[in-house]
Amino acid sequence: MSLDAAPPPARALRLAPERREVALILGLVLLLNVPGGFLQLANLRWGLLVTQVFFIAGPVLLAIRVFYLDGRAILPLRRPRAAVCAGAALGTAGLNHLLNYSVFWQDRFFPLPGIWRVLFEDLATYHGPADFLLLLLIVAVVPSVCEEILFRGFVHAGFLREFESAPKAIVAGAFVFAGFHLNPWRFSVLLVIGLFLGFLVHRTGSLLPAILAHALNNALSLGLAGLGESAQRSLLHAPWAHAGAAACLIAAVLLLRRARV
């Protein structure tokens, strides 16, 4: 061989995972959530943190490298305009109120089991401002980043390649997102959230608005859970709260109409 021979060309990166690669990563994440569940039983907060970082986002980051995928295509992080971020935030605020209102009525006929309710109450308990900030980090910020990496990043890219249709990819991704939480009592709520987050990614071409919306939704739900039962009921049934939610949704539609498609 000549010493002047050109080196072999680098393997080209692919823009989206194939069907079997999506299935493999989803299966791996589901399998890893078994030890993740035991970690959460041992320590709810830190077990949740480890599960999100290493068992949800970790397999995706590994898959991007192993499967020769283009990380910038799978995980688009374009900086959105301020109006887009405002639209995502307002839409989340309005949607969060309406979904929590629907959950209030749903629990009258299809109540959350006591063990789940105790788990959520324990997770939402905090002691002082510093502990609340730590709780926000673990419950709102970390899950929003890690779950969006998996569902609206890796899975959405794979579904978009498979279906060649953004609406089908968004709907399929929302069903997977809702199902992976393994909570049939909140499946419909998670489905609606998944549809909204998928729409944000498609509409803006970036994961950042979805990450913002996901974090805000979790933070608002956490704040509501921290109120007393009477205060929750009063807030959820207040006419001004309904009007505010409707106004937020209308403003979000107007702002997001101009977002990049």
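There are zero disulfides in this structure, a disulfide being a pair of cysteine sulfur atoms within 2.5 Å. Take Cys85. Cys85 is in no disulfide, and the nearest cysteine sulfur, on Cys248, is 16 Å away. Cys85 is partly exposed at 25% relative accessibility. Cut-offs: buried is under 20% relative accessible area, exposed is over 50%, partly exposed is in between, with a 1.4 Å probe and protein chains only. Cys146 is in no disulfide either; its nearest cysteine sulfur is that of Cys85, 20 Å away. Cys146 is buried, at 6%.

A word on the model. This is a predicted model: local features need pLDDT of at least 70, side-chain atom pairs count only at pLDDT 80 or more, and totals for chains, interfaces and linings use all residues. Residues are numbered from 1 along each chain as its sequence is written, and side-chain values use heavy atoms, leaving out hydrogens and water.

Next, Ser144. Ser144 sits in helix 6, residues 128–163 (helices are DSSP runs of H or I, at least four residues, numbered from the N terminus). Is Ser144 buried or exposed? Buried, with a relative accessible area of 1%. Its side chain reaches the backbone oxygen of Ala140 at 3.2 Å. Beyond neighbours within four places in sequence, Ser144 is in contact (heavy atoms within 4.5 Å) with Ile211, His214 and Ala215.

Last, Val34. Val34 lies in helix 1, residues 19–42. Val34 is partly exposed, with a relative accessible area of 47%.

Notes:
Helices (H or I, at least four residues) and strands (E, at least two) are DSSP runs, numbered from the N terminus. A polar contact is a pair of N or O atoms within 3.5 Å; within protein, one must be able to donate a hydrogen and the other to accept it, and residues adjacent in sequence count only if both atoms are side-chain atoms.
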